[in-house]
Amino acid sequence: MTGITILGATGTIGLNTLDVISQHRDRFQVVALTAHENVERLYQQCLTWRPRYAVMVKTDAAEQLQAKLKSVAPEIEVLSGTEGLITVAKLPEVDMVMAAIVGAAGLLPTLAAAEAGKRVLLANKEALVMSGALFMAAVQQQGAELLPIDSEHNAVFQCLPPAKFDGQAVSELASQGIRRILLTASGGPFRTYPIDALHDVTPDQACAHPNWKMGRKISVDSATMMNKGLEVIEACWLFNASPQQVDVVLHPQSVIHSMVEYVDGSVLAQLGNPDMRTPIAYALAWPERMSAGVSPLDLVQTAKLEFEAADWQRFPCLRLAYEAMAAGGTSTTILNAANEIAVAAFLDGQLKFTAIPDVIERTLSQLTGRPVVQLETILEDDAKARLLATEIVAQH
Ligand code: NAD
Ligand code: MG
């Protein structure tokens, strides 16, 4: 039995992970489940899965969960806070950690899982964007396996030369005959929306993704295409690529999940229905394959696969992400922090959609990134960027 901790069990990725595991109960043992504040959902999951540990980040939520579990499942230990998340990421009986917390809150427990040498199933791209160098060093030093869940990176992972990628960073792309990585992007809900009407779009419009059902933060990121920008940065770290080696192509059908181009002109692509259970099952079973409950791809029904260039004028967040990656150091930490503040303000109705890139750009111009020497540098710049971005939001 493979022991697994699911960080962010109550979110979209968490639910999809439990769905896949429910099809393979003979192989996986859920050791710990975590959530931020949704007591009722984690309580129901505890009844179904009977984990050894349940973590609610908020103390009052943890107390409520403990009270509810007392009479029905007193054996489940309820923990709280970031400390609780870190504890369940490192448990000796845990082999794999699904890192599916949204945003910077996922950094410390995800890093703890890497430092404990686990197989890390990485959905939380923000952790890598904030601390790529430290994160990859921890993975290598501790012999952890870092397997991407993000559908694009999972696709690239599947298209790389098999012997060369062992769940750790690959060697130089060029030495493996790879010319570039091509990340596909649906273009989100506003790919063809009139540019001059974008300032009036609502959070619900921004969250209505044409192909994927996701949490609200990543849905807004998809609408601004910051999601693709974060994914470019994620790809650079995961696959040891320079930003110049990672290109983005719009592909509205979301059937090709990404591609790897080789020097001989071959382009390998991974295709499938847009369903996160495919990359989740792939990473859970790797290097084997197992069923995911995903319906087969019907190419005749799909009929058309279209491609377009990504328009940096429509999607300035994409440009900002490339620039931050090229600047290096904590610039991507600052980019991520400002984006989280701006997206939260937009979802709260305090900021226009079109002001999101403006807040990020102004934060980056007023706070210069520094070389990353230790985790504290990252946490300090993350905190400074949040304060500054909050001030900039207030001026809007
Ligand atoms: P979601 O909002 O549906 O779920 C987020 C989860 O994180 C929940 O379980 C929530 O309880 C937990 N959480 C939220 N804030 C927290 C905090 N401060 N501390 C601890 N836990 C907290 O999000 P999602 O769509 O499942 O996305 C999760 C991650 O996976 C994100 O980083 C996202 O970018 C990435 N991802 C998601 C998809 C997708 O299809 N949903 C695809 C690729 C990558
Ligand atoms: Mg993705």
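# Close-up views of the predicted model

**Ser131 in helix α6.** Ser131 counts as buried, at 2% relative accessibility; buried means under 20% relative accessible area, exposed over 50% and partly exposed in between, for a 1.4 Å probe and protein chains only. The residue belongs to helix α6, which spans residues 125-142; helices (H or I, at least four residues) and strands (E, at least two) are DSSP runs numbered from the N terminus. With neighbours within four places in sequence left aside, Ser131 is in contact with Leu107 and Ile378, contact being heavy atoms within 4.5 Å. The model is a predicted one, in which local features need pLDDT of at least 70 and side-chain atom pairs count only at pLDDT 80 or more, while totals for chains, interfaces and linings use all residues. Residues are numbered from 1 along each chain as its sequence is written, chains are lettered from A and ligands numbered from 1 in the order in which they are written, and side-chain values use heavy atoms, with hydrogens and water left out.

**Domain 1 and domain 2.** The chain is divided into domain 1 (2-148) and domain 2 (328-396), with bounds that come from an automatic or database domain assignment. A distance of 27 Å separates the C-alpha centres of domain 1 and domain 2. Their contact takes 10 residues from domain 1 and 12 residues from domain 2.

Helix α7 is largely enclosed by the rest of the structure, because 9 of its 9 residues are buried. The buried residues of α7 are Ser151, Glu152, His153, Asn154, Ala155, Val156, Phe157, Gln158 and Cys159. Their cover includes the strands β7 (145-148), β8, β10 (256-262) and β11 (267-271), together with the helices α10 (226-239) and α11.

The structure holds 0 disulfides, a disulfide being a pair of cysteine sulfur atoms within 2.5 Å. Cys159 is buried at 4% relative accessibility, and Cys317 is buried at 1%.

**The aromatic pair of Phe157 and Tyr282.** The model contains 6 aromatic pairs; rings of Phe, Tyr and Trp (its six-membered ring) pair if their centres lie within 6.5 Å, and planes under 30 degrees apart count as stacked, over 60 as edge-to-face and the rest as tilted. Phe157 and Tyr282 form an edge-to-face pair, at 5.6 Å centre to centre and with 80° between the planes. Phe157 is in helix α7 (residues 151-159) and Tyr282 in helix α11 (residues 277-285), so the pair ties together parts that are 125 residues apart in sequence.

**The aromatic pair of Phe190 and Phe353.** These two residues form an edge-to-face pair, with 5.1 Å between the centres and 75° between the planes. Phe190 is in the loop between β8 (178-185) and α8 (203-206), and Phe353 in the loop between α14 (331-347) and α15 (355-366), so the pair ties together parts 163 residues apart in sequence. Phe190 is buried, with a relative accessible area of 2%, and Phe353 is buried at 5% relative accessibility. Ring pairs link Phe190 and Phe353 with Tyr193 and Phe346 into a cluster.

**The nonpolar cores.** A nonpolar core is a set of buried Ala, Val, Leu, Ile, Met, Phe, Trp, Tyr and Cys residues joined through side-chain atoms within 4.5 Å. The largest core has 89 residues, of which Leu335 and Phe353 touch the most other members. Helix α14 supplies the largest share of this core, 9 residues. Domain 1 (2-148) and domain 2 (328-396) each give at least three residues to this core. A second, separate core of 44 residues includes Tyr43, Ile76, Ala100 and Leu147. Beyond its neighbours within four places in sequence, Leu335 is in contact with Met226, Leu230, Ile233, Leu320, Ala321, Ala324, Ile360 and Leu364.

**Charged ends over aromatic rings.** A charge sits over a ring if NZ of Lys or CZ of Arg is within 6 Å of the ring centre and within 35 degrees of the ring normal. The charged end of Arg25 sits over the ring of Trp49, 4.3 Å from its centre. The ring of Tyr43 has the charged end of Lys68 over it, 4.5 Å from the ring centre.
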